[in-house]
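Please read these comments alongside the coordinates.

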Amino acid sequence: MKKLVMLMVLMLVLAACGTEISKPKDNTQGSAKDKTIVLYKSDANAEFTMPFEEKYPNKDEDLVKFIFAKVNEHDVALIDYKFEQDNKSLVLNLGDDVYTIQGSAGAAMFVETLVKSYFENFPELQEVTFIHKGSYESILDHMMIGEPYSRENFKMD
């Protein structure tokens, strides 16, 4: 009898270990509840990108614009954006401030921090394209305008 009771207790403990505890419903009555997301920034030498966590108020806040504002270190204006190809492609329409990005290293960090941040937070996203004031015409030597940056290029699987 003791063995049977011990076996039942053991089964109950094992069953409890495998179940997920449901989180309580949000009863904040309309106040924003923060969520932590992972973004990328450049290191001090503008050689590498590093992940960092940022609180994201998930109510009434556009995630694409939020990421752009938090990651953009060059004060480049985001005019608008659109998702294409069933949300697998993101097109970011940039303003004239894109000309203020200096050199290859600056452009690489601008692109890499933004693209990695979008890939991290939009799992279905496969490519990000930067355009200038609605045009896909290439305007910079050190940054691809009008050509997509793909997830594969950044090893974001």
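The points below cover a helix pair, a loop residue beside it, and a sheet.

1. The model is predicted, and every point below should be read with that in mind.

2. Helix α2 spans residues 63-71 and helix α3 spans residues 103-121. The two pack with their axes 10 Å apart, at an angle of about 145 degrees. The crossing of α2 past α3 is right-handed. On the α2 side, the contact is made by Leu63, Val64, Ile67, Phe68 and Val71. On the α3 side, Phe110, Thr113, Leu114, Ser117, Tyr118 and Asn121 take part. Sorted by class, this contact has 8 nonpolar and 3 polar residues, and no charged ones.

3. Spacing along α2 is worth a remark. An α-helix has 3.6 residues a turn, so residues three or four places apart point the same way. Among the α2 residues that touch α3 are Val64, Ile67 and Val71.

4. Which residues of α2 are buried? They are Leu63, Val64, Phe66, Ile67, Phe68 and Val71. Their cover includes α3 together with the strands β1 (34-42), β2 (49-57), β3 and β4 (89-94). At the start of α2, the backbone nitrogen of Val64 has a side-chain oxygen of Asp62 within 3.0 Å.

5. Asn72 lies in the loop that runs between α2 and β3 (78-84). Is Asn72 buried or exposed? Its relative accessible area is 13%, and the cut-off for buried is under 20%, so Asn72 counts as buried. A polar atom of the Asn72 side chain lies 3.3 Å from the backbone nitrogen of Asp75. Leaving aside residues up to four places away in sequence, Asn72 touches Ile67, Phe110 and Leu114.

6. An open sheet is formed by 4 strands in the order β3-β4-β5-β6, with mixed pairing. β3 and β6 (148-150) each have a single partner strand, so one side of each is left without a neighbour in the sheet. Ignoring direction, neighbouring strands are turned against each other by 20 degrees on average. β5 (residues 127-132) pairs with β6 in the antiparallel sense over 3 bridges. Within this pairing, Val128 stands opposite Tyr149 of β6.

7. Both helices of point 2 pack on this sheet. α2 touches β3 and β4, and its direction makes about 130 degrees with that of β3. α3 touches β4, β5 and β6, and its direction makes about 135 degrees with that of β5.

Methods
Residues are numbered from 1 along each chain as its sequence is written. This is a predicted model: local features need pLDDT of at least 70, side-chain atom pairs count only at pLDDT 80 or more; totals for chains, interfaces and linings use all residues. Side-chain values use heavy atoms; hydrogens and water are left out. Axes are lines fitted to C-alpha atoms, for helices over the stretch in contact, and angles run from 0 to 180 degrees between N-to-C directions. A crossing is left-handed if the near helix is turned anticlockwise from the far one by less than a right angle, and right-handed if clockwise. Contact means heavy atoms within 4.5 Å. Ala, Val, Leu, Ile, Met, Phe, Trp, Tyr, Cys and Pro count as nonpolar, Asp, Glu, Lys and Arg as charged, and the others, Gly among them, as polar. Buried means under 20% relative accessible area, exposed over 50%, partly exposed in between (1.4 Å probe, protein chains only). A polar contact is a pair of N or O atoms within 3.5 Å; within protein, one must be able to donate a hydrogen and the other to accept it, and residues adjacent in sequence count only if both atoms are side-chain atoms. Two strands pair if DSSP finds at least two bridges between them.
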